[in-house]
Amino acid sequence: MNLKRTVAIETEDSSASIRSGTRQPLQDGEIFSLAQALIDSRQNVSPKRLVEPGPSAAQLDALLSLAAAAPDHGLLMPWRFILVPAAQRHHLAEVFALALIDRDPGATLEQIESAREKAHRAPLLLVAVACLGHREPDTPSLERMVSMGAAIQNLLLGAHALGFGAGLTSGQAMTSPRLHKLCALAQGEAAVCCVNVGTVSRRKSASRARPLPAQFLSELMAESSDCSVQ
Ligand SMILES: Cc1cc2nc3c(=O)[nH]c(=O)nc-3n(C[C@H](O)[C@H](O)[C@H](O)COP(=O)(O)O)c2cc1C
């Protein structure tokens, strides 16, 4: 499915074009169908399958604005993104390589090179950082992570709507003090994953079978209504 053609999601203020009479407002059912088509067809794209071009500066700005629309209890903005431009990727590559050697001094040259290469793959690479230190109001870390996940998902869906592929990468290097230092993370901040965006060179043949609602929905039963604790 060519989502770019089917779902022409615009980065301009669509309400303006509706007001000026150049476009008919979408009906509720159509909006749901568009959202469904977009969300259902998104799949994680490995950075190995991402090539140039990546998003333009204006597209990146639009994607980050989507992230900013994430639910955020207490309006803390408990996450941020660090753009790693091409000219700085070698620093990230070095951190990935050294983080591997730190945890496995016996790593082969091939493994070290592969770790290094991960920093160079996607045209756009953002490090997603969770801000979990003390804030007012001091909402729990779990809630902040929910906000961060929503911000990332908004960004992934936006990239997909623009016709790009996007994927997340993480791994043990995320918790390396070397990455912490490179990203100048403050106390209470944690690098969670990298968000990789670019043009898809080749897609996976099939998307994964997604869980069915019955697998993750249960209903509160009368027998479980005893809320006394020991
Ligand atoms: C926080 C986070 C970190 C992830 N890190 C990796 C990773 O290191 N390598 C990888 O192949 N996929 C990674 N993924 C992507 C998942 O593997 C992917 O979302 C999952 O396989 C489901 O596929 P889908 O997104 O296409 O539905 C990560 C996902 C999340 C949420």
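Here are some questions and answers about a predicted model.

Student: Before we start, how are residues numbered, and what pLDDT do local features need?

Tutor: Residues are numbered from 1 along each chain as its sequence is written. In this predicted model, side-chain atom pairs count only at pLDDT 80 or more, totals for chains, interfaces and linings use all residues, and local features need pLDDT of at least 70.

Student: Is A206 buried or exposed?

Tutor: A206 sits in the loop between β5 (189-200) and α9 (213-216); helices (H or I, at least four residues) and strands (E, at least two) are DSSP runs, numbered from the N terminus. A residue is buried with 20 or more other C-beta atoms (placed from the backbone) within 10 Å of its own, exposed with 12 or fewer, and partly exposed in between. Because A206 has 7 other C-beta atoms within 10 Å, A206 is exposed.

Student: Which elements give two or more residues to the shell around the ligand?

Tutor: The residues around the ligand include Q43, L168, T169, V192, C193 and R208, where a residue counts if its C-beta atom, placed from the backbone, lies within 6 Å. The elements that give two or more residues to this shell are β4 (165-169) and β5.

Student: At what angle do α5 and α6 pack?

Tutor: Helix α5 covers residues 89-103 and helix α6 residues 109-117, with their axes 7 Å apart. Axes are lines fitted to C-alpha atoms, for helices over the stretch in contact, and angles run from 0 to 180 degrees between N-to-C directions. The two helices, α5 and α6, pack at about 140°.
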